[in-house]
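Dear colleague,

I am handing over the structure below, and my notes on its core and its ligand follow.

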Amino acid sequence: MIIMIPIAKPLIAQEEIDGVVGVMRSGMIAEGPRVKEFEEAFSKYIGVDHAIAVNSGTAALHIALQARGIGKGDEVITTPFSFIATANSILYTGAKPVFADIEPDTFNIDPEDIKGKITHRTRAILPVDLYGHPAEMKAIMDMAEDYRMAVIEDACQAHGALYKGRKCGSFDMGCFSFYPTKNMTSGEGGMITCSDGKLAEKARMIRSHGSKVRYYHEMLGYNMRITDIGAAIGLAQLNKVDSFNNKRIENAAYLSEQLKGIPGIVTPAVRQDCRHVFHQYTVRVTGDFPLSRDALAQELTKAGIGNSVFYPVPIHRQQIYQELGYNSYHPKSEQAAKEVISLPVHPSIIKEDIDEIAKTIKEISKMGV
Ligand SMILES: Cc1ncc(COP(=O)(O)O)c(C=O)c1O
């Protein structure tokens with residue numbers, strides 16, 4: 001089967017190539033001046049005082065939690081409907097992930113459900129801006145203030161997304177991923193954003209074996225550094241991320257228009273005062289569609305249209321969490337896991353591709369009838 005319209009495609013141009021070549025010629029190929037430049041540019045972009053570049057989004061989450069002093073005996077409330085790294089980062093620190101269910105329209109953590117999960121052990125909330133749609137940050141920040149909790153925002157899918165005019169990742173601590181399928185990439189890579197100088201300093205130390213001064217180690221840290229090669233790619237991508245996002249948004253609007261009226265296909269919602277950057281364009285396939293979600297996925301693949309299910313199994317149902325004894329029930333997350341499918345809207349997609357995607361889904365929708 002040949003996929004003609006892929007679900008994701010990193011856009012690498014001459015700027016990225018020149019940036020990498022420049023680093024290679026400089027001889028400084030590990031962490032160096034380009035990392036610093038990338039951090040400064042990214043902090044300005046998000047609107048925070050500090051950004052700390054690391055080697056993955058997973059590392060960003062792990063470091064942010066550890067910088068906050070979260071560890072054994074603590075609980076962190078998060079969503080079960082995300083990539084597993086969201087919850088695993090909590091496990092790495094020795095703390096316990098506690099799952100709160102999602103809101104069905106945005107697939108993001110439900111502030112009301114968070115409220116019911118707070119105990120005397122809760123130290124932080126870890127919301128995810130899933131698919132590029134901001135989480136309900138006002139309600140989350142208010143709750144965090146009332147209960148003196150930290151907010152570690154998993155903005156790994158939300159570079160440039162806005163909540164009431166503020167960038168995702170600018171509220172307390174933000175964590176980003178630059179994996180190649182993301183809205184911008186550095187190869188592998190991640191970033192922590194915050195405006196608290198002490199936290200930023202701690203995060204920098206954890207990134208590099210707990211040391212401020214080379215070979216003097218004040219705390220437990222890791223090697224989670226990014227290279228100047230990655231930073232050079234990231235810098236070139238950062239200059240283009242707004243135009244990439246605009247194209248995603250335009251493609252998403254056009255695809256929603258084309259899918260309108262197909263029974264059983266629920267197109268993505270965008271809440272008022274939010275800029276959804278469509279890292280994924282995700283529809284629900286409900287019982288009104290004549291085929292199951294999985295059958296639709298198969299038919300799309302047969303027709304050469306890339307598609308993917310993010311995520312088929314909620315985190316608390318994953319084997320590792322089952323083995324840890326998780327037996328909670330989060331009906332909205334479980335329903336979403338059965339119904340969602342993501343379709344291509346990345347910046348390389350042209351109008352004709354979207355017409356083809358919509359036409360194919362319309363044809364498939366008539367198959368079972
Ligand atoms: C929501 C979410 N959290 C965390 C991560 C982890 O990022 P990375 O793959 O860069 O470690 C990702 C990306 O894959 C993600 O989508």
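**Core and ligand shell**

Leaving aside neighbours within four places in sequence, Ile152 is in contact (heavy atoms within 4.5 Å) with Leu61, Ala64, Leu65, Arg68, Ile125, Leu126, Pro127, Met173 and Cys175. Please keep in mind that this is a predicted model, in which local features need pLDDT of at least 70 and side-chain atom pairs count only at pLDDT 80 or more, while totals for chains, interfaces and linings use all residues. Residues are numbered from 1 along each chain as its sequence is written, and side-chain values use heavy atoms, with hydrogens and water left out.

Ile152 is also one of the residues that, with Val76, Met173 and Ile192, touch the most other members of the largest nonpolar core, which has 26 residues. Such a core is a set of buried Ala, Val, Leu, Ile, Met, Phe, Trp, Tyr and Cys residues joined through side-chain atoms within 4.5 Å, where buried means under 20% relative accessible area (1.4 Å probe, protein chains only). The largest share of this core, seven residues, comes from α3; helices here are DSSP runs (H or I, at least four residues), numbered from the N terminus.

An oxygen atom of the ligand lies 2.5 Å from an N or O atom in the side chain of Thr58, and a ligand oxygen atom is 2.8 Å from a side-chain N or O atom of Gln157.

Best regards

Definitions and conventions: Buried < 20%, exposed > 50% of the residue type's maximum accessible area, 1.4 Å probe, protein only. Helix = DSSP H or I, 4+ residues; strand = E, 2+ residues; numbered from the N terminus. Polar contact = N/O pair within 3.5 Å; in protein donor to acceptor, adjacent residues only side chain to side chain.
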